[in-house]
Amino acid sequence: MREPQSKSIDPRSLLGGRALFPGDEQYDVRRRVWNGMHDRQPAMIARCGSAAEVSAVLRWARSEGLAVSVRGGGHNVAGSAVADNAVMVDLALLNAVGVDPVAMIAVAGGGALLRDLDAATTTHGLACPAGVVSHTGLGGLTLGGGYGWLARKWGLTCDHLAAAEVVLADGAIVEASPDGHEDLFWALRGGGGNFGVVTKFTLRLRKVGPVVHQTGVYALARAAEALAAYAGFAEQQPLDLHTVGALKTAGHHRWIPERLRGKPALFLTAGWFGPEADGPGAIAPLFRSVPPDGRLDQVLSYADLQALGDCSEPAGNRYFTKSCYLSDLTSAPAAALVEAGHEITSPLSSIDFEFLRGAIADVPDAESAFPNRSAPYIVTASAQWTDAGEDETHAQWSRQAVDRLSPWQHGGAYVNYVQDVRHQGTTHLYGDNRYHRLATTKSCYDPENVFRHNQNISPVVAAH
Ligand SMILES: Cc1cc2nc3c(=O)[nH]c(=O)nc-3n(C[C@H](O)[C@H](O)[C@H](O)COP(=O)(O)OP(=O)(O)OC[C@H]3O[C@@H](n4cnc5c(N)ncnc54)[C@H](O)[C@@H]3O)c2cc1C
């Protein structure tokens with residue numbers, strides 16, 4: 001592949017040797033993203049170390065007529081951080097996190113991973129509510145919303161954004177907050193990477209202590225009954241309790257009965273974030289009416305909880321994800337879910353679900369771009385496999401699993417779990433009114449759609 005040619009500026013000089021081109025030693029390492037399905041060849045990888053460098057790269061790319069993609073942690077299932085023949089703005093070097101424990105504020109670089117954030121905050125007994133796998137990028141997660149263990153108790157990651165340093169499409173560096181560029185600040189909280197490159201996230205923190213954590217496993221034959229009991233429990237659970245479930249192949253852990261190991265099973269997991277002594281009593285009703293076939297009880301630090309899922313979705317495997325919100329998990333949708341569990345085509349795949357609401361739904365709908373706050377459940381059919389020859393089989397299972405739930409879907413979908421926008425575009429994620437406001441904001445900050453390698457919001461085209 002040919003290096004981009006500039007008449008005026010040598011692109012290698014932009015970043016003091018941190019620009020990578022095809023053939024450079026680190027090029028193949030840095031162009032890879034988490035989902036091994038995406039094997040794309042950018043024209044250049046710009047390993048930026050400051051907002052000023054991001055600005056210089058954006059100005060240069062535009063002057064060259066080159067498209068741009070932005071890489072935070074590289075975890076987006078659609079692989080939007082990398083695009084063929086585009087300039088990849090790689091933020092991995094911008095991963096420093098500073099904490100003010102008195103003000104309970106963290107300032108994190110735009111390329112920080114959740115583990116960078118957790119490492120800096122938990123030493124002070126603090127955390128920002130965020131996702132459940134520590135190698136996920138804070139950038140994409142926050143800009144799309146950010147569900148996690150603390151979401152019912154305190155809200156989404158984007159609800160904890162106090163300010164953002166943003167490099168706009170024209171290279172200008174601005175701060176978006178409730179006191180400046182308020183429209184941009186609104187759009188950054190749920191509108192994804194459409195509006196600029198965020199080089200600093202200022203986040204409000206919460207106090208966290210030990211987490212009481214219990215998981216029950218059920219044979220698939222008992223899953224419908226257990227799900228019905230869970231649905232009754234979920235709506236009543238206190239805000240300090242967060243519960244999640246999964247239909248997936250049971251591992252070979254000692255606490256899982258031998259007869260279930262290696263077979264699809266239902267897992268229900270509870271995390272208690274209130275006073276430790278109250279945890280077991282609060283969780284008990286979840287497992288009382290339909291006792292699990294095996295159970296694991298533990299008390300974890302918040303940092304250990306955050307790393308618990310790190311090994312089950314390794315970088316480089318092939319993934320296809322389809323997700324939806326669900327209104328109901330009583331008998332008929334529960335049966336559809338279990339049926340999809342029976343049909344799983346790969347032992348690495350899973351159907352994950354959780355009950356939401358709580359503080360997520362308490363934030364007024366117009367306050368941020370994040371949509372669908374009142375949705376009760378989110379369900380994700382996450383197909384995972386390693387052999388490229390099986391791509392269509394597993395992707396098809398994921399699509400079918402979610403399609404099975406159509407009668408009970410709440411509408412919309414979570415932008416960060418969308419892999420395939422070919423058929424529906426992004427309007428349905430937000431609804432017409434919210435999409436229109438996002439598109440108007442996009443027209444103001446990125447009228448030429450420089451930031452288009454994402455779940456894209458098109459600028460409103462001015463009428464002539
Ligand atoms: C294993 C795994 C676990 C996950 N768990 C959760 C979870 O618990 N909760 C949840 O809500 N989501 C979760 N997600 C989804 C996650 O929120 C998205 O994949 C998100 O896009 C990841 O962000 P990233 O920075 O790693 O992505 P990238 O692939 O680097 O970026 C995705 C897009 O975000 C934009 N972007 C990223 N950083 C910036 C920035 N600093 N400035 C401007 N634009 C930027 C760009 O448009 C880019 O195209 C998970 C994903 C994976 C793979």
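## Close-up views of a predicted model

**View 1. The salt bridge of Asp-240 and Lys-153.** In this predicted model, the side chains of Asp-240 and Lys-153 form a salt bridge with an N to O distance of 2.7 Å. The two partners come from distant parts of the chain, 87 residues apart: Asp-240 belongs to the loop between α8 (223–234) and β13 (241–249), and Lys-153 to helix α6. Lys-153 counts as partly exposed, because its relative accessibility is 21%.

**View 2. The domains of the chain and the contact of domain 2 with domain 3.** The domain assignment divides the chain into domain 1 (11–90), domain 2 (97–207 + 434–445) and domain 3 (211–417). Between the C-alpha centres of domain 2 and domain 3 there are 25 Å. Their contact involves 35 residues of domain 2 and 41 residues of domain 3. About 3000 Å² is buried between domain 2 and domain 3, with carbon and sulfur atoms giving 53% of this area. On the side of domain 2, Tyr-147, Trp-149 and Arg-152 lose the most area to domain 3, and together they account for 37% of what that side buries.

**View 3. Polar links between domain 2 and domain 3.** Three salt bridges are counted between domain 2 and domain 3, and 25 residue pairs are in polar contact across this interface. At least two residues of the side of domain 2 that touches domain 3 are supplied by each of α4 (114–122), α5 (138–144), α6 (151–154), α7 (182–188) and α15 (432–445). Of these, α6 gives the most, with four residues. The residues on this side of domain 2 comprise 16 nonpolar, twelve polar and seven charged.

**View 4. The salt bridge of Arg-373 and Asp-159.** The side chains of Arg-373 and Asp-159 meet at 2.7 Å, N to O, in a salt bridge.

View 5. Asp-297 and Arg-295 are joined through their side chains by a salt bridge of 2.9 Å, N to O. Asp-297 is partly exposed, with a relative accessible area of 42%, and Arg-295 is also partly exposed, at 41%. Asp-39 is exposed, with a relative accessible area of 54%, whereas Arg-31 is buried, at 11%.

**View 6. The surroundings of Thr-321.** Thr-321 lies in strand β16 (residues 318–326). With a relative accessible area of 8%, Thr-321 is buried. Beyond residues up to four places away in sequence, Thr-321 touches Val-77, Thr-380, Ala-381, Ser-382, Ser-398, Tyr-417 and Gln-419.

Key. Residues are numbered from 1 along each chain as its sequence is written. This is a predicted model: local features need pLDDT of at least 70, side-chain atom pairs count only at pLDDT 80 or more; totals for chains, interfaces and linings use all residues. Side-chain values use heavy atoms; hydrogens and water are left out. Buried means under 20% relative accessible area, exposed over 50%, partly exposed in between (1.4 Å probe, protein chains only). Contact means heavy atoms within 4.5 Å. Domain bounds come from an automatic or database domain assignment. Buried area is the accessible area (1.4 Å probe) that two parts lose on being put together, summed over both. A salt bridge is a side-chain nitrogen of Lys or Arg within 4 Å of a carboxyl oxygen of Asp or Glu. A polar contact is a pair of N or O atoms within 3.5 Å; within protein, one must be able to donate a hydrogen and the other to accept it, and residues adjacent in sequence count only if both atoms are side-chain atoms. Ala, Val, Leu, Ile, Met, Phe, Trp, Tyr, Cys and Pro count as nonpolar, Asp, Glu, Lys and Arg as charged, and the others, Gly among them, as polar.
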